[in-house]
Amino acid sequence: LRRCYELSGIVGVIPDLFTLRELEWMSEAKQRDQWDHTSDLFALLANCHKSEDTEPFSRSSFHPFYQSRENQEPDIETDDITILKPLYR
């Protein structure tokens, strides 16, 4: 119950009208949108002050949602799926 109220506070809605899953989705979307804006500003500032021989910064250089995806290993590889074939014959 507490989590519902925390998420509804982030999103700014009445929690009774939504499920916990919907509140999670809305909360993540709002945080992602706010980080899009912030990371664009960070990239702009960093590119203004970088030396000429370094690569330009992008939104993903500062965006925590993008960084967590880049560092994350894939859930499953195609090689792993082949071991399941005998189970479905």
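The report below takes the helix packing and then the salt bridges.

The model is a predicted one. In it, the axes of helix 1 (residues 2-11) and helix 2 (residues 20-49) come within 9 Å and cross at roughly 35°, and the crossing is left-handed. On the side of helix 1 the contact involves Arg3, Cys4, Leu7, Ser8, Ile10 and Val11, which meet Leu20, Leu23, Glu24, Met26, Ser27, Lys30 and Gln31 of helix 2. Sorted by class, this contact has seven nonpolar, three polar and three charged residues.

| Salt bridge | N to O distance |
|---|---|
| Arginine 3 and glutamate 24 | 3.2 Å |
| Glutamate 28 and arginine 32 | 2.7 Å |
| Aspartate 36 and arginine 59 | 3.7 Å |

The salt bridge between arginine 3 and glutamate 24 links distant parts of the chain, with arginine 3 in helix 1 and glutamate 24 in helix 2, 21 residues apart. Arginine 3 is partly exposed at 40% relative accessibility, and glutamate 24 is likewise partly exposed, at 31%. Both residues also belong to a network of salt bridges that links Arg2, Arg3, Glu6 and Glu24.

Glutamate 28 and arginine 32 are four residues apart in helix 2, which means that about one helical turn separates them.

In the salt bridge between aspartate 36 and arginine 59, aspartate 36 lies in helix 2 and arginine 59 in the loop between helix 2 and helix 3 (64-71), so the pair ties together parts that are 23 residues apart in sequence. Aspartate 36 counts as buried at 17% relative accessibility, whereas arginine 59, at 28%, counts as partly exposed.

Definitions and conventions
Residues numbered from 1 in each chain as written. Predicted model: local features only at pLDDT ≥ 70, side-chain atom pairs only at ≥ 80, totals over all residues. Heavy atoms only, no water. Axes fitted to C-alpha atoms, helices over the stretch in contact; angles between N-to-C directions. Helix = DSSP H or I, 4+ residues; strand = E, 2+ residues; numbered from the N terminus. Left-handed = near helix turned anticlockwise from the far one by under 90°. Contact = heavy atoms within 4.5 Å. Nonpolar A, V, L, I, M, F, W, Y, C, P; charged D, E, K, R; others polar. Salt bridge = Lys/Arg side-chain N within 4 Å of Asp/Glu carboxyl O. Buried < 20%, exposed > 50% of the residue type's maximum accessible area, 1.4 Å probe, protein only.
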